[in-house]
Amino acid sequence: MISDRQRNGGKRATAFLSVVMLVSSARALEIPTKVFADLVSLEFRKRETAELELLAWGRQQPEPAMVELLRQSRLAADPEARERCLNVLRDLVTDEYLRDGDGYIGISMQNDSANVPGDPRPCSVIRVTNVVADSAGQRAGLKQNDLIAGLDGQFWHEELAADPFAAKIKSMKPGKKVKLSVLRDGKLISMDVVLGKRPPSLNGVFLNGQNFDPEAIERADREAYFRRWLSQRKLPG
């Protein structure tokens, strides 16, 4: 016997797919119908999986996908489907946000000095005082109290390292790979870092142990970018 919840779920799925078919014919866009249907499944796991699959689909053709997802986030009959389409749209717009701007590792730092193996002179180094969650630095494996001694083979002796290091990183583009020479437990290790995008709100801010929350600033900048993106888009007639 079919329950009221199942019957209502089926109605929502039918209404949602009607919108998808209408948009598909108007845009000639190949929409993964089953994935969209699963967004309104009665099973939570199916809804979660469908959102991930929808994101993968969107990244294959981001521009038409963003138009479609914007449309579905406003017109889909089921509120959860609208919300999940909006989530995927936010991820695609964030991809766009991350492609341009200044390079960013995502650390707080202080000037320090240390003896580097193989170098007879004391070196100016950068002590990592904090690593921002989900930043380029964390993904590369940087840890609190690591000492950054070199960047792409360049070491510092006569000048403090933090300013030229920060300026060099900022001058690069997101996605650029750099090689850090890092002192950890007295050993010099090489570490590849793929730069992220520096949050615009951090421009002009030197993270030298002051009381900033880079993670919160980055989240706010991404959300502000997304909100501006939304405000500049209208559904096609």
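Asn145 is not a glycine, yet its phi is positive, about 75°. With a relative accessibility of 48%, Asn145 counts as partly exposed; buried means under 20% relative accessible area, exposed over 50%, and partly exposed in between, with a 1.4 Å probe and protein chains only.

Asp185 sits in the loop between strand E6 (177–184) and strand E7 (187–194). Its relative accessibility is 78%, so Asp185 counts as exposed.

## Basis of the model

This is a predicted model, in which local features need pLDDT of at least 70 and side-chain atom pairs count only at pLDDT 80 or more, while totals for chains, interfaces and linings use all residues. Residues are numbered from 1 along each chain as its sequence is written, and side-chain values use heavy atoms, with hydrogens and water left out.

## Strand E3 and its partners

Strand E3 (residues 122–131) is mostly covered, with 7 of its 10 residues buried. Strand E2 (residues 107–115) pairs with E3 in the antiparallel sense over 9 bridges; two strands pair if DSSP finds at least two bridges between them. Within this pairing, Val125 of E3 is the bridge partner of Asp112. The hairpin of E2 and E3 has 6 residues between the strands, and in it Gly118 takes a positive phi near 90°.

E3 is also joined to strand E4 (residues 147–151), by 2 bridges, and these two strands run antiparallel. Here Ile126 stands opposite Ile148 in E4.

## Second largest pocket

The second largest pocket has a volume of about 210 Å³. On a 1 Å grid over the protein atoms alone, a pocket is an open set of points where a 1.4 Å probe fits, with protein on both sides within 12 Å along at least five of seven lines; lining residues have an atom within 4 Å of a point. Grid points are joined across faces, edges and corners, and a volume is the space filled by probe spheres set on the points.

The lining consists of Arg90, Thr94, Ala133, Asp134, Glu215, Glu218, Arg219, Arg222, Glu223 and Phe226. Helix H5 (79–98) and helix H8 (214–231) are the elements that give two or more residues to this lining, and H8 gives the most, with 6 residues. By class, the lining residues divide into 2 nonpolar, 1 polar and 7 charged; Ala, Val, Leu, Ile, Met, Phe, Trp, Tyr, Cys and Pro count as nonpolar, Asp, Glu, Lys and Arg as charged, and the others, Gly among them, as polar.

Definitions and conventions:
Helix = DSSP H or I, 4+ residues; strand = E, 2+ residues; numbered from the N terminus.
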